[in-house]
Each structure stands twice: as structure tokens, then as C-alpha cells.
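Hi everyone, thanks for making the time this morning. Please have a look at the model on the screen, and I'll walk you through a few of its details.

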Amino acid sequence: MAYTIAVLSQKGGTGKTTTVRTLTDVLRRSGVRTLAVDLDPQGNLSDYFDVPPEAEPTIADVLAGRATAAEAIHEDIIPANLSLAEAELMLGGKMGRELTLRRALAKIDKDYEVILIDCPPSLGLLTVNALVAADRALITAEAQYFALQGVEQAIEVVELARDSLNPQLTLLGVLLNLADMRTVHSREALASLKERFGEQVFDAVIRTSIAYAESAERARSILDHRPDLGADYLALAAEVLERLDGLNGAGKRLAKLTQSSPT
């Protein structure tokens with residue numbers, strides 16, 4: 001059975017999609033069979049993986065019951081486009097609507113070791129579907145003044161999903177993203193998160209850089225575009241694997257990648 005991780009944030013602009021894209025890449029390079037699920041109607045993750053805009057079926061078709069999850073997989077990603085917004089509206093009037101994604105992914109989770117879900121930048125029905133389908137939640141936060149407030153709101157939704165719909169759901173961790181640790185502002189944001197959430201905050205911090213936008217535009221992983229920045233994600237992946245009990249030796253394979261990567 002796969003570890004299913006919902007990656008979410010309280011708002012957009014926190015580097016969430018880049019996190020899913022790059023963490024997927026690192027895990028695959030470490031030999032972990034990883035499926036990425038784009039659950040954001042903007043479809044940025046699908047663009048990042050260079051999935052054609054006209055690709056069908058998509059996650060919207062899966063949620064609407066027009067396709068199975070297996071049929072919607074395109075090179076180990078289930079893509080999304082704007083039709084997902086219509087699917088979300090349709091879900092609003094459906095019995096057991098919060099369980100739709102969970103039921104769909106249950107039929108394929110034996111084919112993968114990790115499933116990463118890129119949630120929309122809001123805490124609505126699609127995000128609730130992701131949290132009900134997941135057994136772990138990873139929250140991203142931008143290094144800015146309201147980071148603590150945003151993480152607390154996201155955790156409230158995680159706890160609500162766990163208490164009412166998915167008792168197996170736990171918090172994998174909180175990631176500080178888009179940070180410039182040379183500034184007092186970013187250092188204070190990290191300190192406030194660690195003071196509030198302690199060991200739940202990852203030690204790895206993702207540095208801010210225009211290179212992420214450049215790599216996304218070229219549909220090229222930051223690991224190849226800027227290996228020095230990619231090192232941040234190698235460190236994050238190492239912590240993720242440790243919290244997933246090593247995942248069948250993937251941590252050792254990742255260590256070899258890390259040793260060969262510039263910092």
C-alpha cells in the first residue's frame with residue numbers, strides 16, 4: 001500500500017507545486033515508485049511535467065466517474081486542467097463527496113510506493129478530498145509575516161478531516177518555502193514556526209530563487225537546472241523518507257544522490 005501525501009497550503013504563492021514536482025523527482029531518482037496527482041484546476045503541476053494540455057482523461061474525469069484513476073495516469077502523473085473546477089462544483093451535490101478521490105486512488109495504490117497530491121491553494125472540497133485520501137499531510141508556508149497564521153489554518157483543516165472522516169491522517173511536517181535566510185524576516189518566520197510546531201517543522205528550508213520559475217518554464221527539474229538549489233530538496237526528501245521509516249532502503253539510495261550533488 002502506498003504512502004499518500006497531500007501537499008497543501010492556506011494560499012497560493014508558497015512554492016507548493018514546485019515542492020510536489022521536485023519531491024516527486026527526487027523520490028523517483030531514489031528508486032521510489034511515485035505517482036503525482038494534480039488536484040489544482042490551474043494545472044500548474046501538469047504543465048511542470050510537460051503533460052499536453054489536451055491530455056485525456058484527467059483527474060476531473062476520475063472525480064466525475066467518467067474514467068478510472070488507472071486510465072487517467074500519463075507517465076506517472078494524473079493531470080488536471082480548468083475542467084476540474086466544474087468537477088468540484090459537481091462534487092458539491094454528491095453523496096459521499098469527500099470520499100470520491102480516496103475510492104479512486106484505492107484501486108491503484110498497490111502500483112506505487114508514494115502518491116503525492118498537489119492540492120489547490122485553498123482549503124475547500126478538493127483539498128478535503130485529498131486529505132481524506134491521504135495518510136499524511138505536508139504543509140508548505142512562505143517565509144513571511146503571516147506564515148504562522150496560514151499554517152495554523154491548514155492544520156485546523158487537517159485535524160477536521162482526521163476527526164470526522166479519516167482517523168489515519170497524520171501531519172508529515174511543515175516546510176518553510178521561498179525563504180531568504182540572510183534576512184531577519186525569514187529567520188523570524190522559521191523561529192516562530194519551530195516555536196509553535198517544534199519537531200513537526202522540517203529542518204530543510206527551501207531557498208527562494210528566480211531559477212524555480214525558469215525551470216518550470218522549461219519543464220526541467222531544478223535538480224538539473226540548478227543542482228545547488230536542488231540540494232534543498234534532497235535534504236527535504238531525506239527527512240520525508242526518515243519520517244516514512246526509510247521506505248525500503250530509499251534513504252540509502254538518496255544518500256548517494258546527495259553525495260554527488262553540489263551544494
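Arg226 and Asp228 form a salt bridge through their side chains, with 2.8 Å from N to O. By salt bridge I mean a side-chain nitrogen of Lys or Arg within 4 Å of a carboxyl oxygen of Asp or Glu. Arg226 is partly exposed, at 31% relative accessible area, and Asp228 is partly exposed too, at 23%. For those words, the cut-offs are under 20% relative accessible area for buried, over 50% for exposed, and partly exposed in between, using a 1.4 Å probe and protein chains only.

Before I go on, a word on what you are looking at. This is a predicted model, in which local features need pLDDT of at least 70 and side-chain atom pairs count only at pLDDT 80 or more, while totals for chains, interfaces and linings use all residues. Residues are numbered from 1 along each chain as its sequence is written, and side-chain values use heavy atoms, with hydrogens and water left out.

Back to the charges. How many salt bridges does the structure hold? There are 15. One of them joins the side chains of Arg136 and Asp135, at 3.3 Å from N to O. Arg136 is buried at 17% relative accessible area, and Asp135 is buried at 16%. Another pairs Asp163 with Arg162, at 3.7 Å from N to O. There, Asp163 counts as exposed, with 63% relative accessibility, whereas Arg162 is partly exposed at 29%. There is also a network of salt bridges, which links Arg21, Asp25, Arg29 and Asp224.

Now to the strands. Helices (H or I, at least four residues) and strands (E, at least two) are DSSP runs, numbered from the N terminus. Is strand E6, residues 170-179, mostly enclosed or open? Seven of its 10 residues are buried, so E6 is largely enclosed by the rest of the structure.

Who are the neighbours of E6? Strand E5, residues 136-142, runs parallel to E6 and is joined to it by seven bridges; two strands pair if DSSP finds at least two bridges between them. Within that pairing, Ala137 has Leu171 in E6 as its bridge partner. E5, helix H7 (residues 147-164) and E6 together make a right-handed β-α-β unit. Right-handed here means that, with the strands pointing away from the viewer, the path from the first strand over the helix to the second runs clockwise.

Strand E7, residues 201-207, pairs with E6 in the parallel sense over three bridges. The chain gets from E6 to E7 through helix H8 (residues 184-197), and that β-α-β crossover is right-handed. In this pairing, Ala179 stands opposite Arg207 in E7.

Last, some backbone details for those of you who like torsions. Most residues other than glycine have a negative phi, and most peptide bonds are trans. Glu56 and Pro57, however, are joined by a cis peptide bond, with omega about -10°. Pro57 lies in the loop between helix H2 (44-48) and helix H3 (59-64).

Glu75 has a positive phi, near 50°. You'll find Glu75 in the loop between H3 and strand E3 (77-78), and it counts as exposed at 76% relative accessibility. Ala219 also has a positive phi near 50°. Ala219 is in the loop between helix H9 (211-217) and helix H10 (222-225), and it counts as partly exposed at 24% relative accessibility.
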